[in-house]
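Hello,

Here is the structure I promised to pass on to you.

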Amino acid sequence: DVVTPLNSNQLTAQFTLSNGIPTGPYNVVVNNSIDGSRTLTNGFTVNPNPNPPVLTQIQPNNGMQNSNLSVNISGQNTHFGQGSGTVWFSQGTSTVFYSSSLFVSSATQLSAAVHIPGNTPTGMYDLHVQNSVDGHLVMNNAFLVTFNPNAPQLVSVNPNQGQSGQLIPVTITGQNTNFTQGTATRSEEH
């Protein structure tokens, strides 16, 4: 928000009215060190947006578990801006995966780098795009996560048994995995 005094009785102010804020009257409050806080009750009215922003398309509109892809998102009356905004996908209230980076090509076009974790449940996901001007936009059932037949999995452990209190080296074999030096951790389940 930008406030510029013009003279002792006038100032200009510029601020963003995010799409989706409640419509109706708002109080105008000005505060400075000489006059203190001054309020003009119901001094400004927010009207409904006659051309609200909407998400219109996502391409591709599907991806497999444990994959990386770039999705192109189109909007209408949107204000996508470089370096701002967030893109994520949800299924119900608990399953979410986010894009790792955004590239904005215009106010209505952006690309998002997406990693779909291997344990992401399959099915339809809602697309969410949020920024300071458009607010929170949702396109319901916009993206399908499919089963990955080549998902990483553990195949064997050799040897596959040992005695308690014993230090034992084992070899673990995987399929479609990405084991690299210094990145693996161990976990035991019983």
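Below is what I found, taken topic by topic.

A word on the basis: this is a predicted model, where local features need pLDDT of at least 70 and side-chain atom pairs count only at pLDDT 80 or more, while totals for chains, interfaces and linings use all residues. Residues are numbered from 1 along each chain as its sequence is written, and side-chain values use heavy atoms, leaving out hydrogens and water.

Let me start with the surface. Val3, Leu11, Phe15, Leu17, Tyr26, Val28, Val30, Leu40 and Phe44 make up a nonpolar patch with about 750 Å² of accessible area together. Two or more residues come from each of strand E3 (24-32) and strand E4 (36-46), and E3 gives the most, with 3 residues. Strands here are DSSP runs of at least two residues, numbered from the N terminus. Val3 itself sits in strand E1 (residues 2-7); it counts as exposed because its relative accessibility is 54%, the cut-off being over 50% with a 1.4 Å probe and protein chains only.

Next, the strand pairing (at least two DSSP bridges between two strands). Strand E7 (residues 67-76) pairs antiparallel with strand E5 (residues 54-59) over 5 bridges, with leucine 55 opposite glycine 75. E7 is also joined to strand E10 (residues 109-116) by 8 bridges, again antiparallel, and there asparagine 72 faces serine 111.

Finally, serine 18 lies in the loop between strand E2 (10-14) and E3. A polar atom of its side chain is 3.2 Å from the backbone oxygen of serine 132.

Best wishes

Conventions: Patch = residues over 30% accessible without salt bridge, like charges linked within 9 Å, V, L, I, M, F, W, Y side chains within 5 Å. Areas by Shrake-Rupley, 256 points an atom, 1.4 Å probe, with all protein chains shown as cover. Salt bridge = Lys/Arg side-chain N within 4 Å of Asp/Glu carboxyl O. Helix = DSSP H or I, 4+ residues; strand = E, 2+ residues; numbered from the N terminus. Buried < 20%, exposed > 50% of the residue type's maximum accessible area, 1.4 Å probe, protein only. Polar contact = N/O pair within 3.5 Å; in protein donor to acceptor, adjacent residues only side chain to side chain.
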